[in-house]
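User: I would like to learn how to read an interface between two chains. Please take me through one example.

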Amino acid sequence: MITERIDFKKNSAEALKSPKLKKALVNFTDRSRNSRKKAISEVSEWEELRSEARRIKEQVINNLDSYLLELEESVTRVGGKVHWAKNAEEASSIVVNIARENNVRNVVKSKSMATEEIELNRHLISSGINTVETDLGEYIVQLCNDHPFHIITPAIHKTKEDISKLFSEKFGVPEYEEPQELTNIARKELREKFLSADMGISGVNFAVAETGTITIVENEGNARLATTYPDIHVAIMGIEKIVPKFEQLSIFLSLLARSATGQKSSTYVSLITGPRREGESDGPRQFHLVFLDNGRSDIAKSKETRESLYCIRCGACINICPVYRQVGGHSYGWVYSGPIGAVITPQLNDLQKTADLPFASSLCGACRDVCPVKIDFPHVLLSLRQRVVEKTKGKPNPAQFMEKMAFRIWSFVFSKPFYYNLAGRMMVFLQYFYQKENELQGLPYPFSKWTKEKNFPAFSKKPFRRRWKEKYSAKMEHQ
Amino acid sequence: MILKESKEVILQNLSSIATEEKGISKSTEKTFLNPQLSIDQSKLQNDFIANFKMVSGEVHLLEEKGRLIDKINELIREFDAQSVSFWNTEPLKSLELTHETDLASADIGITGADFAIADTGTLVLLSGPEQPRLTSLLPPVHIAILKKETIVSNIHALFAKLGKSYKKNYDELCTCISFITGPSRTADIELNLTLGVHGPGRAIVIIV
């Protein structure tokens, strides 16, 4: 949960100061979008897949209550246990209790946004349970007591020199420079953690209601280890992660890897149905599935913003976003960043504290275009902006008054051709003092608010209407 | 007690979604999925090989079944492996290999593959009493024996096939289906691709 107001402007100003970060961001977002573009160009039915996925998600969210009950029944049938958590604290204490009841001392975790959301690590560690993140990026982030920077690649803000130094300090090894050498060190360190763990915690990419199967998608193999080696597996899922039918997984798996990393398939996809059965030599002996609400059922109630729950957490919207590309993940102040963060964070937290986020977008719509389930981000952002404004209604707000006045004048002038023409001509005179080449700079208040950040294009001496008239009438005469 | 309460709170909240909205978006026929079940097998094999190699996987083609043991021994020598762990299924069962019981210390894990997907270069392994999940995961080298007739065109074809083999009622669904597309990989250090971070750094397929 967010305790302090997220100051997006301050955070992003901070982020913009670091040229190192800027370089990493541009490099990373460029690569991600290019590989995504290439990967989807190979799938001729891409658009049909998106539409079908959206249709399924719509069906799931509209009927989430019955699908959750179906999933619970299926999981129970195959020998697992379902736990319902209405908020973050409850989810964490469910996991801590499972650990306590089974005398668990060492926990290995694979990457999961839901567990970041509920700050599960903090709860486990403060209950005296050793908890290790095992995704390489998350592990690096955990070793530095930092927060993930991106939902798919959490440590893109760390250079290999940073990591080399970190490993050397923590493990007493020489300062290796090569990424492969650093990876080998991490493998060795983490393998020991896996072999001594009594409990593995994972997220869930998709949960199939009819079979009770959970699906985990990854590249490293740490999720496979965490869900196979320890005796207890606890999976935590946001309640929106349901897919009704087993065969429908093929649609979502086709979309996810290509949208997330531009791979045709992620290296490992695990479809897990219940705990180990008789005769099997591996797999967990206990399987627990935690349903995390934490505000999601409230989102489902709003027709305007319900589609925020269709998200499959691929990160394509983040990689394409011109705002994220400049300011990076930490500016969004919580676990979800980019357009999906701007949409989800205010809905899962106090709106007053997160009021900046729906405005942290130019509404260009690139996110909507790449979203594998076609979430209409601009629409959702606008209705959240409306909510923010309504929340602050009644309080004196000079900026709002000015804005209202400005729009009133604007609509008056723009609806009368005479005034419109006149205004255009007046502007040509007025702009004389501020014009520099074809741009206006340093305008007086209140326009200074604009020109402080960027220049305004100058008004043309010969407006479009006149040029059009001249051209048009000349042509007429010619005929 | 508190848990039951949460379940009720969540369901109550969700039940307030208008009933007219619940009915919408009924299933449509998905003709676009195009599983292409009857495609030319040699093309599938070539596609699988190309795609598996593209993700740093290695492929050996065996023309005759009789030479499988030679190929495996050759790989064991190549890796200078001291211990090997393998699935106790055919054709591995009848090969005279020495089995390592402690998987964590095995140098090579050898498994079968129940299916493979051509257009993504993916091996599909089903878990079971004779088919442990860790054999393809713990050792630094994974070798999979793949029968060429089990390669399907794409993921939709695979799910159609799984649906058929479970007769669509999935009561017998195995505890774990693993999709494996190449060796374990990460790009978490400055986006540099590195292999073997957790799972095997070498993924080798022998097609028989």
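User: How many residues does the contact take from chain A and from chain B?

Analyst: A residue is counted when a heavy atom lies within 4.5 Å of the partner. In this predicted model, chain A contributes 98 residues and chain B contributes 76 residues.

User: What area do chain A and chain B bury between them?

Analyst: Buried area is the accessible area lost when the two parts are put together, summed over both. Here that comes to about 7,200 Å², with 57% of it on carbon and sulfur atoms. On the chain A side, A:Trp84, A:Arg187 and A:Arg224 supply 9% of the area buried against chain B, more than any other three residues.

User: Which element gives the largest share of the side of chain A that touches chain B?

Analyst: Helix H10 of chain A, residues 179-195, gives the largest share, with 9 residues. By residue class, the touching side of chain A divides into 35 nonpolar, 30 polar and 33 charged.

User: Which strand of chain B is joined to strand S9 of chain A?

Analyst: Strand S9 of chain A (residues 268-272) is joined by 5 bridges to strand S8 of chain B (residues 176-180), and the two run antiparallel. Within this pairing, A:Tyr268 stands opposite B:Ile180.

Definitions and conventions. Residues numbered from 1 in each chain as written. Chains lettered and ligands numbered in written order. Predicted model: local features only at pLDDT ≥ 70, side-chain atom pairs only at ≥ 80, totals over all residues. Heavy atoms only, no water. Buried area = accessible area lost by both parts, 1.4 Å probe. Helix = DSSP H or I, 4+ residues; strand = E, 2+ residues; numbered from the N terminus. Nonpolar A, V, L, I, M, F, W, Y, C, P; charged D, E, K, R; others polar. Pairing = 2+ DSSP bridges.
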